Amino acid sequence: MQILSQVGGSVTNGLAYVGALASLGGQAAYYTFVAPFQGKPVRFQRAVSQALDVGVRAIPILSLITFFIGLILALQAAYELRRFGAISYVATAVAISMSRELGPLITAIVVIGRSGSAFAAEIGTMKVTEEIDALETMAISPVHFLVTPKFIAMAIMLPCLTIWANTMGILGGSLFGVAQADFTFTRYISASLDSLFLRDIVTGLIKSVMFGITITAVGCLEGLSTGAGAEQVGRSTTRAVVMSIFMVVIVDLVFTALFFFISEH
Amino acid sequence: MDTSLTDSLETTATISVRDLRVNYGEREILHGISFDVNRGETLVILGGSGSGKSTLLRTLVGLEKPSAGQIWIKGQNIAAISSSEMDAIRKKIGMSFQGGALFGSMTVGENVALPLREHTRLEESTIEIMLRLKLEQVGLQGFEYYMPSQLSGGMKKRAAVARALAMDPEILFFDEPSAGLDPIIAAGIDQLILELKQAFRMTIIVVTHELASAYLIADRMVLIDKGNIVAIGTTEEMRASTQPRVRQFLDRVAEPEVARELDYLQMLTEDRRRRSR
């Protein structure tokens, strides 16, 4: 009986959390798409500076990570493929697994580490120092002022980063292809491009937009629900990272399943 | 509330609080508080730590929702209005937070100009003039390009006051204006409040536990203890009060040791007694 009530409690809490995320996302959508027509313009300047922070500054580390992931993928794929004498399919394996799954996912995880945690820490600190309260007493909505520019920046920058990550992954794979699988660089690249359908790339990009929205919602919600005291900021930041990774995997699963069933028909 | 009372409120009081109750979860913090704040007066809300005075202030500016009762600000009951109506009232009030609550990512000037940029369609040049004016009023001329982290505690509070003044509010709220400041800087903040009161005839509400500062700036005082109003009156009335709880607070007498020890013993043994029952 107690187990049942515990399970019920966790489910209710989980649903409440998802509801809070959706509510925050909904408010941000209102300030992005509706409020500008009611005389409350979107803060483009803040969105652009957020986009620089989230996107451009993530490029070096993301490039390095996805280059190596591409190389690892090529090695792992070749390990099996060479038993069937099909080592030339390495390019296809890397290109498809990068653009469909690993590109968006690795990008999301890098962005969670860099930006999702930073959102929670920034907003959490503002909460602790009463800056969020100050915004409210000045009749400025914290969601409009702080959260919406982050949503816009993430929803735009995550697909961009994902395209970059896919490219770097394919380049990483080409290192193996050229060194070990008798490809020339141009042949490897054209083999990769030939194996990709537009659908593979587009589904990956749709997922990455959803990841961006999810990461922002979790980071900002954790920041806004920070309790009193500096140590709570640390707790919010940790929770933001863990919950973001979890939520991103859930969203990944949902959308991958969705695309699977759509493509069946 | 009947209309005759509402009418009388509009003529005499800027803020009227009626039977205000506030809960944090299950726990009731304020147990039915009623008082008025007259136009142009400085009301000091006194109370010890945990008395509920900060909660009262947060409720007055709409940061906490009352669980019962009414708060009439300029003829509107903020306990029962929409968020857009509340925003309209918030543009007429200014609040100076305990730690200043300046935005760390903006300069002092941007902080002070923020409400103007958000809520008015003034030219940038006009905003700049107004922001210099506000900084001058609080004695911070020339600091507009500093970051809040480069300011001392007292200067941060002054900058926060300048930001609270930006929209030329009719009511100004202060949360612990002298907390964390040395006596000289704190006296400077008191002086600033007095100057604002004389210059603008603003209604000012100050929450503090600093007696010296309260005596200096208050027209009237409210003493709050454990979520109830213990006494309310002019500075002279409070000074002359013979109520034990008022005397204890004003004369800074510690809680009687014996009673405390008994409470303490009771607290220690209560758990055990409850279990043995």
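Among contacts in chain A between residues at least 6 apart in sequence, what percentage join residues at least 24 apart? The figure is 86%. Here two residues are in contact if their C-beta atoms, placed from the backbone, lie within 7 Å.

The model is predicted: local features need pLDDT of at least 70, side-chain atom pairs count only at pLDDT 80 or more, and totals for chains, interfaces and linings use all residues. Residues are numbered from 1 along each chain as its sequence is written, while chains are lettered from A and ligands numbered from 1 in the order in which they are written.

Chain A has 9 helices and 0 strands. Helices (H or I, at least four residues) and strands (E, at least two) are DSSP runs, numbered from the N terminus. The order of elements in chain A, read from the N terminus, is α-α-α-α-α-α-α-α-α. Along the principal axes, the C-alpha atoms of chain A fill a box of roughly 70 × 55 × 40 Å. Of the 265 residues in chain A, 45% are buried. A residue is buried if 20 or more other C-beta atoms lie within 10 Å of its own, exposed if 12 or fewer, and partly exposed in between, with C-beta atoms placed from the backbone.

Val143(A) lies in helix α6 (residues 142–180) of chain A. Val143(A) has 19 other C-beta atoms within 10 Å, so this residue is partly exposed. Leaving aside residues up to four places away in sequence, Val143(A) touches Leu24(A), Gln27(A), Ala28(A), Tyr31(A) and Thr148(A). Val143(A) and Ala28(A) are separated by 115 residues in sequence, yet their C-alpha atoms are 6.6 Å apart in space.

Chain B contains an open sheet of 4 strands with antiparallel pairing, in the order β2-β1-β4-β5. The edges are β2 (27–38) and β5 (76–77) of chain B; each has a single partner strand, so one side of each is left without a neighbour in the sheet. Two strands pair if DSSP finds at least two bridges between them. Strand β4 (residues 68–73) of chain B is joined to β5(B) by 2 bridges, and the two run antiparallel. Trp72(B) has Asn77(B), in β5(B), as its bridge partner.

At the interface, 14 residues of chain B are in contact with 10 residues of chain A. On the chain B side, α3 (83–90) and α4 (108–119) are the elements that give two or more residues. The largest share, 4 residues, comes from α4(B). This side of chain B divides into 8 nonpolar, 2 polar and 4 charged residues. Ala, Val, Leu, Ile, Met, Phe, Trp, Tyr, Cys and Pro count as nonpolar, Asp, Glu, Lys and Arg as charged, and the others, Gly among them, as polar.
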